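The following note sets out points for discussion on the structure shown below. It is arranged as numbered paragraphs.

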Amino acid sequence: MRVACFFVPTSLLAVALAAPGIAHAAPVWVGDFETGDLSQWSYLLNSDVDGMTYSQADTQIVTQGTYAGRIELHNDAVWGNGLKRVELQHAPAPGRTAEGQTTYFAWSFYLPEALPAEPGQQIGYWESNGSYQQMMAFDVAGERITFSTRRPENVVQWEQDGAATPGQWHRIAMGIAWSTNVDLGRVDVWFDGEQVVTAAAAQTLADGNDHFTQVGLLRGQIEFADVPVIYIDDAVEGDSLEDVHPELEPGGG
């Protein structure tokens with residue numbers, strides 16, 4: 001194997017070291033839809049139902065690049081367990097959510113119209129593969145957003161009225177220390193660049209299975225007539241907070 005060596009002039013190296021702000025961290029995974037489709041995501045839930053497209057890459061409303069993901073939830077988007085859902089799944093590489101590991105993940109969302117207070121809906125959560133145990137979730141009812149951890153008991157770690165405002169982009173970032181032990185599991189959450197949850201203690205791993213995240217719209221086993229819409233963009237997984245930049249990118253639309 002040939003290894004390429006490059007000479008960096010001392011003057012240029014000094015400039016690079018003196019101006020770290022010009023360098024950007026490298027995410028482990030990116031879900032920014034700039035492929036023009038949904039192929040960056042691990043799995044699509046109810047993307048197409050009876051010939052109708054409920055999730056797709058779209059150019060109408062974006063916060064970076066040219067494309068964002070557009071998701072709409074219809075009453076006929078029924079999963080096998082009766083839940084109504086249209087979601088995008090990201091499964092980190094095997095072992096990245098194992099005991100003792102730490103994952104950073106962030107995504108931006110945009111609501112053309114405020115989501116209803118009744119029924120409520122989840123817009124993102126983490127779940128165990130195989131055993132399918134939800135471990136933490138973001139719920140939105142009207143403009144109120146709530147973040148809860150599920151084990152060893154359900155705990156509302158943060159809630160804020162007037163936060164899930166329509167007509168503007170919002171960004172959620174998370175730092176998760178994975179453990180089946182509540183004394184070791186920790187969760188940090190940032191909303192629009194502000195840390196709103198700091199080192200919350202929780203059992204973050206359900207078991208020894210890998211865990212994945214899903215973003216979009218999820219409702220319970222209920223009937224409804226409205227068609228809520230959410231846009232998703234600039235999703236990233238990384239090894240540090242810098243990798244996933246918890247603040248919205250400048251110039252977001």
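1. Helices and strands are taken here as DSSP runs, of at least four residues (H or I) and at least two residues (E) respectively, and are numbered from the N terminus. On that basis Pro 119 falls in the loop that connects β8 (102-110) with β9 (121-128). Pro 119 is joined to Glu 118 by a cis peptide bond, with omega at about 0 degrees.

2. The model is predicted, and its confidence should be read before any detail. The average pLDDT of the protein is 91, and 89% of the residues reach at least 70. Residues 1-23 have pLDDT under 50 throughout, and the model gives this stretch 1 contact beyond four places in sequence. The placement of residues 1-23 should be read with that pLDDT in mind.

3. As to overall composition, the protein contains 2 helices and 17 strands. Of its 253 residues, 47% are buried. The accessible surface amounts to about 11,800 Å², with carbon and sulfur atoms contributing 52%. Where residues at least 6 apart in sequence are in contact, 65% of those contacts join residues at least 24 apart.

4. In general, strands of a sheet pair through backbone hydrogen bonds, in either a parallel or an antiparallel manner.

5. Within that order, β9 and β10 (residues 134-141) are paired in the antiparallel sense over 6 bridges. Trp 126 has Met 136 in β10 as its bridge partner.

6. Pro 152 is located in the loop between β11 (144-149) and β12 (155-160). Most peptide bonds are trans.

7. Which backbone phi angle is positive at Ala 199, although this residue is not a glycine, and what is its value? The phi of Ala 199 is about 50 degrees. Ala 199 sits in strand β15 (residues 194-201). Its relative accessibility is 40%, so Ala 199 counts as partly exposed.

8. His 245 also has a positive phi, of about 30 degrees, and is not a glycine. This residue belongs to the segment after α2 (241-244). Is His 245 buried or exposed? His 245 is buried, because its relative accessible area is 12% and the limit for burial is under 20%. Most residues other than glycine have a negative phi.

9. His 74 is placed in the loop between β6 (68-72) and β7 (84-90). With a relative accessible area of 19%, His 74 is classed as buried, since the cut-off is under 20%. Its side chain makes a polar contact with the side chain of Glu 72, at 2.5 Å. Leaving aside residues up to four places away in sequence, His 74 touches Tyr 54, Phe 224 and Val 227.

Note on methods. Residues numbered from 1 in each chain as written. Predicted model: local features only at pLDDT ≥ 70, side-chain atom pairs only at ≥ 80, totals over all residues. Heavy atoms only, no water. pLDDT = per-residue confidence, 0-100. Contact = heavy atoms within 4.5 Å. Buried < 20%, exposed > 50% of the residue type's maximum accessible area, 1.4 Å probe, protein only. Polar contact = N/O pair within 3.5 Å; in protein donor to acceptor, adjacent residues only side chain to side chain. Areas by Shrake-Rupley, 256 points an atom, 1.4 Å probe, with all protein chains shown as cover. Pairing = 2+ DSSP bridges.
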